[in-house]
Amino acid sequence: MSIILYPYLNIPPEKNLVEVLDSAFTPIMVMDIDEARRRRLAYKAVAVALYNSKKKICVVRRAESRATFPGCWDLSAVDFVHATEAVEEAALRVLAETTGLDDIPLRFKASLQAAPGEPSSAGINLFMAGPAKAKPSLNPSLALESMFLDCDELSGLKETFPELLTPWLARVLEMSLMF
């Protein structure tokens with residue numbers, strides 16, 4: 001287990017390190033993501049909702065190997081923010097890693113705090129990206145399949161199969177943040 005206290009002037013360039021946050025969402029240390037999850041500590045995360053020219057949102061089915069919510073339908077790209085990484089950089093990175101798409105206009109939408117029963121991330125920064133000019137080319141270690149759905153189709157999926165959605169996707173739909 002590696003815990004690095006601030007100041008973090010010499011953080012090694014390991015991609016699985018996150019900033020652990022206190023109750024005021026202030027970074028207090030850097031830790032491996034697996035250890036932070038095991039201890040249910042708060043850290044920053046990003047989610048990106050990719051849309052196409054028809055204003056349909058891309059949802060992806062998470063790979064079975066994912067640490068949280070394997071096999072569930074989720075926003076286009078969701079993951080943690082690396083230590084010292086800006087949330088905008090993280091959103092672009094996660095979108096490119098998951099969908100193979102980059103150079104897509106990105107717009108900050110909202111910052112949401114975790115609700116009871118959700119993963120330990122303190123909050124998630126939601127971004128809208130698009131319109132996508134190409135079909136996503138999914139990274140199979142992150143996502144198994146994708147589909148573009150309109151508001152009614154997403155609502156129907158949530159009403160009919162709520163257990164198949166990640167808590168974040170369900171919450172973003174309940175709050176009507178994407179349409």
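## Burial and the predicted model

A residue is termed buried when its relative accessible area is under 20%, exposed when that value is over 50%, and partly exposed in between. Arg38 therefore counts as exposed, at 58% relative accessibility. The structure described here is a predicted model.

## Charged pairs

The structure contains 9 salt bridges. Side chains of opposite charge can pair when their charged atoms come close. Arg38 is bridged to Glu35, with 2.7 Å between the closest N and O atoms. Both residues belong to helix α1 (residues 33–38), and because they are 3 residues apart, about one helical turn separates them. Whereas Arg38 is exposed, Glu35 is buried, its relative accessible area being 11%. Glu35 and Arg38 also belong, with Arg39, to one network of salt bridges that share partners.

A further salt bridge joins the side chains of Glu97 and Arg93, at 3.2 Å from N to O. These two residues are 4 apart in helix α2 (residues 87–99), which means that about one helical turn lies between them. Glu97 is partly exposed, with a relative accessible area of 29%, while Arg93 counts as buried at 16% relative accessibility.

The side chains of Asp74 and Arg62 form a salt bridge with an N to O distance of 2.9 Å. Asp74 is in strand β6 and Arg62 in strand β5, so this pair ties together parts that are 12 residues apart in sequence. Both partners are buried: the relative accessible area is 2% for Asp74 and 5% for Arg62.

## The open sheet

Strands β5 and β6 also take part in an open sheet of 3 strands, ordered β6-β5-β10, with antiparallel pairing. Its edge strands, β6 (73–74) and β10 (143–149), each pair on one side only. Strand β5 (residues 57–62) runs antiparallel to β10 and is joined to that strand by 6 bridges. Within this pairing, Val60 stands opposite Ser146 of β10.

In soluble globular proteins, nonpolar side chains tend to be buried together. In this model the largest nonpolar core has 24 residues, and Leu75, Leu169 and Met178 have the most contacts inside it. At least two residues of this core come from each of β4 (42–50), β5, β8 (106–113), β9 (123–129), α3 (151–160) and α4 (167–174). Helix α4 provides the largest share, 4 residues. Another core, of 18 residues, lies apart from the largest one; among its members are Val46, Val48, Ala91 and Val94.

Leu169 touches Val59, Trp73, Asp74, Leu75 and Met178, when residues up to four places away in sequence are not counted.

Helix α4 is mostly covered, with 6 of its 8 residues buried. The buried residues are Trp168, Leu169, Ala170, Arg171, Val172 and Leu173. The elements covering them include β5, β6, β8, β9 and α3. After α4 comes Ser176, which has a positive phi, near 55 degrees.

Note on methods:
Residues are numbered from 1 along each chain as its sequence is written. This is a predicted model: local features need pLDDT of at least 70, side-chain atom pairs count only at pLDDT 80 or more; totals for chains, interfaces and linings use all residues. Side-chain values use heavy atoms; hydrogens and water are left out. Two strands pair if DSSP finds at least two bridges between them. A nonpolar core is a set of buried Ala, Val, Leu, Ile, Met, Phe, Trp, Tyr and Cys residues joined through side-chain atoms within 4.5 Å. Buried means under 20% relative accessible area, exposed over 50%, partly exposed in between (1.4 Å probe, protein chains only). Contact means heavy atoms within 4.5 Å. A salt bridge is a side-chain nitrogen of Lys or Arg within 4 Å of a carboxyl oxygen of Asp or Glu.
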